[in-house]
Amino acid sequence: AEIQGLPGFSSFLGSLSVDEIKKAAECGPVILLNYAEAFIDGIVILPDGKLSHIPLTANAPQLLTKLSLGMAEVREMDTDLPMPRASRKVRLTKGDPMVELLRTLWSHIVKPIVQYLLDVGVKENSRIWWCPGGKLSQFPIHAAGPYVEGDRNLHDYFVSSYTPTLS
């Protein structure tokens, strides 16, 4: 209560107002990714303040298990390399655990969001902001794509950034 009494902190640890939610998307659409026990969905906040719900998958436990196993395999592969992880050059070949992870993220989570953004007129090469919740925050959403010659990946459509919260 003491902090909420300070100027600019009236909503500290409380709910955001509609105006504060709209303000979050001033620099580009914000995509909240929500994981619930049974499903994953997205809430897209557009710069004009429009909110849209995008259902993504109804079998979240299976998908999260697959993604988590994929991340573990990628991490294990990275530790076997003599060079630091940051300088590793990913070879995007069939069977590469990173490629499989990025394809799974694309098909189950990112592609429906990209399609929605294009359908509502968000210009390509615009900045979008990902706000993944809980377990979803560990995955490289910004790098998702089909990684098939002739197909476009997320970075071919939009410039991705992350935000930990709407505020």
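Residues are numbered from 1 along each chain as its sequence is written. Because the model is predicted, local features need pLDDT of at least 70 and side-chain atom pairs pLDDT 80 or more, while totals for chains, interfaces and linings use all residues; side-chain values use heavy atoms, without hydrogens and water.

Start by selecting residues 97-119, helix α3 (helices are DSSP runs of H or I, at least four residues; strands are runs of E, at least two, both numbered from the N terminus). Its 23 residues should span 33 Å, and the end C-alpha atoms lie 31 Å apart, which agrees (the expected span is 1.5 Å times one less than the number of residues).

Next, pick D96: it caps the N-terminal end of α3, with a side-chain oxygen 2.7 Å from the backbone nitrogen of M98. Just after α3, G121 has a positive phi of about 95°.

Now show R103 and E100, which form a salt bridge with closest N and O atoms 3.4 Å apart (a Lys or Arg side-chain nitrogen within 4 Å of an Asp or Glu carboxyl oxygen). They sit 3 residues apart in α3, about one helical turn.

Move on to E124 and R152, whose side chains meet in a salt bridge at 2.4 Å, N to O. This pair links distant parts of the chain, 28 residues apart: E124 is in the loop between α3 and β4, R152 in the loop between β4 and α4.

Finally, select C27, exposed at 61% relative accessible area, and C131, buried at 8% (buried is under 20%, exposed over 50%, partly exposed in between, with a 1.4 Å probe and protein chains only).

Technical notes:
Polar contact = N/O pair within 3.5 Å; in protein donor to acceptor, adjacent residues only side chain to side chain.
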